[in-house]
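Please have the sequence and the model at hand.

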Amino acid sequence: MDAEFSIELGQEDAVLDFPWTDPEGKLAYHDVKLHPELLSQIEEADRFPELKEFLRIVNSPRILVETAKCDAWVSTEFSPEEEIFDASQKVASYVDLVFSAADAFEDRQSLTAHQEFCANLVRLLRRAPETPSAVEICVRRCYFGAPAGVRDGFYCTLYVTGYGADEASARQNWGVGLKLTANAILQVSVTG
């Protein structure tokens, strides 16, 4: 499996306010880790059962991260780097991850902890069987709301993409990529 990670902390790079609400107030963060029943309120999880299963696993109590935000889509647009997959369709998703638990704030503020998490995840994914799927993890800046005010920290955006000759095969490969990634996150969580 193709897997890489990067650090994106520039002025123009994406950031996350956590917890978040969209400007119109229609969408918001759901604490699925503490309240698994809220998974049913995530529209993307209803449209994509593969994503729903990934969110269920990653938000389980034994995992050291929790999800903050997600989306999934189907596309026929490819970057030059994706041409190696020789595909005409792709199914892709992103999931924003933060270290979980109230006592994990030290990890949330540690760039080193995020780099180690990503490096371990990439190392495991590169050992996975060769599949027409890819994972990219980006460490970015996060602003955590807290009773004492906003605190700076970091989060990870996890992109998983599956490639295929048609939407069905791309979706199947994306599902495999999600399963392999969930398994790797579980392994990293268990081994620290």
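At what angle do helix H4 and H5 pack, and how far apart are their axes? The model is predicted. In it, helix H4 (residues 111-126) and H5 pack at an angle of about 130°, and their axes are 9 Å apart. Angles from 65 to 115 degrees count as roughly perpendicular and those over 145 as roughly antiparallel, and H4 and H5 are therefore oblique to each other. Their crossing is right-handed. The residues that make the contact are listed by helix.

| Helix | Residues in the H4 and H5 contact |
|---|---|
| H4 | Phe-117, Asn-120, Leu-121, Leu-124, Leu-125 |
| H5 | Leu-180, Thr-181, Ala-184, Ile-185, Gln-187, Val-188 |

Helix H5 (167-191) is also one of the elements against which the buried residues of H2 pack; the others are helix H1 (43-47), strand E3 (65-75), E4 and strand E6 (151-164). In helix H2 (residues 49-58), the buried residues are Leu-51, Phe-54, Leu-55 and Val-58. Seen down the axis of H2, these fall within an arc of 100°, so they line one face of the helix.

Ser-100 counts as buried because its relative accessibility is 9%, and the cut-off is under 20%. Leaving aside residues up to four places away in sequence, Ser-100 touches Lys-33, Ile-63, Leu-64, Val-65, Glu-66 and Arg-108.

Strand E2 (residues 15-18) has Leu-16 and Phe-18 on its covered face, with Val-15 and Asp-17 on the uncovered one. E2 runs parallel to strand E5 (residues 133-144), and four bridges join them. Phe-18 has Phe-144 as its bridge partner in E5.

Terms used
Residues are numbered from 1 along each chain as its sequence is written. This is a predicted model: local features need pLDDT of at least 70, side-chain atom pairs count only at pLDDT 80 or more; totals for chains, interfaces and linings use all residues. Side-chain values use heavy atoms; hydrogens and water are left out. Buried means under 20% relative accessible area, exposed over 50%, partly exposed in between (1.4 Å probe, protein chains only). Helices (H or I, at least four residues) and strands (E, at least two) are DSSP runs, numbered from the N terminus. Two strands pair if DSSP finds at least two bridges between them. Contact means heavy atoms within 4.5 Å. The arc is that of the directions from the helix axis to the C-beta atoms. Axes are lines fitted to C-alpha atoms, for helices over the stretch in contact, and angles run from 0 to 180 degrees between N-to-C directions. Angles under 35 degrees count as roughly parallel, over 145 as roughly antiparallel, 65 to 115 as roughly perpendicular and the rest as oblique. A crossing is left-handed if the near helix is turned anticlockwise from the far one by less than a right angle, and right-handed if clockwise.
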